[in-house]
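Good morning, and thank you for joining. I would like to take you through one protein structure this morning, beginning with a single residue and ending with the chain overall.

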Amino acid sequence: MRTRIAAAATAAVALVLIAGGVATVATFADRERSRLDRELEQRAQGPAGRAVRPGIEDGGPGRPGPAGLLAESGSFVRVLADGDVVQAAGDLPADGLPSRPAEGFDTVAAEGGRWRTLTIELPPRPGFFGDPVERLIQFGADADPLEERIDSLERRVALISALGIGLTVVLATLFASPALAPLSRLRTAVAGVSTTRDLSRRLPEAEAGREVDELARGVNEMLARLERSSAETERALEATRRFAADVGHEVRTPLTSMRANLDAVRRNPAMPESERKVILDDVAREQEDLVSVLDALQALARGDSATALPREPVDMAEVLDSAVEAARRRHPAARIQLSAPEGEHRVTGWPEGLRLLIDNLVENAVRHGGDQVVVRLVHDDHTLVLTVDDDGPGVPEAERERIFDRFSRGAGAKSPGSGLGLALVAQQAQLHDGRVEVGDSEQGGARFSVRLPA
């Protein structure tokens, strides 16, 4: 880039110098030739011209000519009749002048030099036999001094232009490095990100020109996208690793129990039917629990990855109504009440995740609480607050943070469970930019409160 900048600057300066030089030489040459042309016109009207014209115009033999006027002046005058020189004076070239010159100004080469001429047509006169004779009078001046001055100026201009272009190359090369210093710093910063693989690093902005700042801003946006993509990939991998570990931790015990029961049935073909039924019922129950655990782990793993969870407006009142009705069907003996204001109560979120959150809260209250469960939904400023109260033993303060960990169960828990339900609740609340808390219920049991942005 330094080379390109130096080349561009040199080309620009060269173009300016060449154009300026050509214009300067052309203006000087035009001015000098115009000055010489005016001198020739003055001579045509001056003594030299008058000394030649009368005799010829009168048709006489002519006068001796203005030799004294033009001697060693670097100029000449001649009169031509039908291409023949009939009178001449001054420093006339020996050869090279055209016998029938064109009328007006011209530059001709004669006798190794250059001459500027002015040719004027005189009125024709009858000749010896009565035929009209074409007559011309031509004034000339040595143009070599003028052309030498023009050539000298051309050489000086060319030399100055060459020196200017050379100086531009040197200066552009020297100044290109400081001009590109912001890009060098940017390259060093990008190399630092590449070396450390720290996608959280950002390039400095607003420290250089607009173009460099725009480049830094574009790279920073790319790094931010890469950081998000890398974080999502890492979360997905971590979710996969955690899912595998959780499955190994939670599934081993029920599978071992199921294997032992099935081995007992296989080794005792004469086992009474009543005992066989008890064992097979136990295996079926463990299989249902195992499927439930795997479903919960799968939901946790999907929440852990959180790479492509669909989000849409969700009416929490409608989800609550559906979840409570399902809980009543599962637990017909429990008294589950629902209190929610009329109208829609919308949040933006993953519908399945919100249903998981409500299902597990209600299921936890029914299993580990008492007979009375109250579910409420209220508006608090720009927040929706979901509370689930029960009249059970409650949750001791020492356990209120730990119960949201995976596979964690309260010390006084007596009902069966995997210890994953409240972990799912905490995870989904966090994914929806909310939080979950546990406290004391007015009914004497536990109160779980979930706050979500409306």
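This is a predicted model: local features need pLDDT of at least 70, side-chain atom pairs count only at pLDDT 80 or more; totals for chains, interfaces and linings use all residues.

Is Val-212 buried or exposed? Its relative accessibility is 16%, and because the cut-off for a buried residue is under 20%, Val-212 counts as buried. Setting aside neighbours within four places in sequence, Val-212 is in contact with Pro-182, Leu-183 and Leu-186.

With a relative accessibility of 7%, Asn-220 counts as buried. Which residues does Asn-220 contact, leaving aside its neighbours within four places in sequence? They are Arg-202, Leu-203 and Glu-205. As for Pro-204, it is 16 residues from Asn-220 along the chain, with 9.0 Å between the two C-alpha atoms.

Helix α6 covers residues 210-267, and Asn-261 lies within it. Asn-261 counts as buried, at 16% relative accessibility. Not counting residues up to four places away in sequence, Asn-261 touches Ile-279, Asp-282, Val-283 and Glu-286.

I turn now to the packing of helices. As a general point, two packed helices are described by the angle between their axes and the distance between the axes.

Consider helix α1, residues 2-45, and helix α4, residues 144-179: their axes are 8 Å apart, and they pack at an angle of about 165 degrees. That angle makes α1 roughly antiparallel to α4. Their crossing is right-handed. In terms of residue classes, the contact of α1 with α4 has 18 nonpolar, 8 polar and 7 charged residues.

The next pair is helix α8, residues 316-330, with helix α9, residues 351-368. Here the axes come within 10 Å and cross at roughly 40 degrees. This makes α8 oblique to α9. The crossing of α8 and α9 is right-handed. Which residues make the contact? From α8 there are Met-316, Val-319, Leu-320, Ser-322, Ala-323, Ala-326, Ala-327 and Arg-330. From α9 there are Leu-354, Arg-355, Ile-358, Asp-359, Val-362 and Glu-363. Sorted by class, the contact of α8 with α9 has 9 nonpolar residues, 1 polar residue and 4 charged residues.

Let us move on to helix α10, residues 421-431. Why may α10 be described as largely enclosed by the rest of the structure? The reason is that 8 of its 11 residues are buried. Those buried residues are Leu-422, Ala-423, Leu-424, Val-425, Gln-427, Gln-428, Ala-429 and Leu-431. After α10 comes Asp-433, which has a positive phi, near 60 degrees.

Finally, the chain overall. How many helices and strands does the protein chain have? Its secondary structure comes to 10 helices and 12 strands. The chain has 454 residues, and buried residues make up 38% of them. Among contacts in the chain with a separation of 6 or more, 60% are accounted for by residues 24 or more positions apart. The accessible surface comes to about 26,100 Å², and carbon and sulfur atoms hold 54% of that surface.

That concludes the presentation. Thank you for your attention.

Technical notes
Residues are numbered from 1 along each chain as its sequence is written. Side-chain values use heavy atoms; hydrogens and water are left out. Axes are lines fitted to C-alpha atoms, for helices over the stretch in contact, and angles run from 0 to 180 degrees between N-to-C directions. Helices (H or I, at least four residues) and strands (E, at least two) are DSSP runs, numbered from the N terminus. Angles under 35 degrees count as roughly parallel, over 145 as roughly antiparallel, 65 to 115 as roughly perpendicular and the rest as oblique. A crossing is left-handed if the near helix is turned anticlockwise from the far one by less than a right angle, and right-handed if clockwise. Ala, Val, Leu, Ile, Met, Phe, Trp, Tyr, Cys and Pro count as nonpolar, Asp, Glu, Lys and Arg as charged, and the others, Gly among them, as polar. Buried means under 20% relative accessible area, exposed over 50%, partly exposed in between (1.4 Å probe, protein chains only). Contact means heavy atoms within 4.5 Å. Accessible areas come from the Shrake-Rupley method with a 1.4 Å probe; for residues, only the protein chains shown count as cover.
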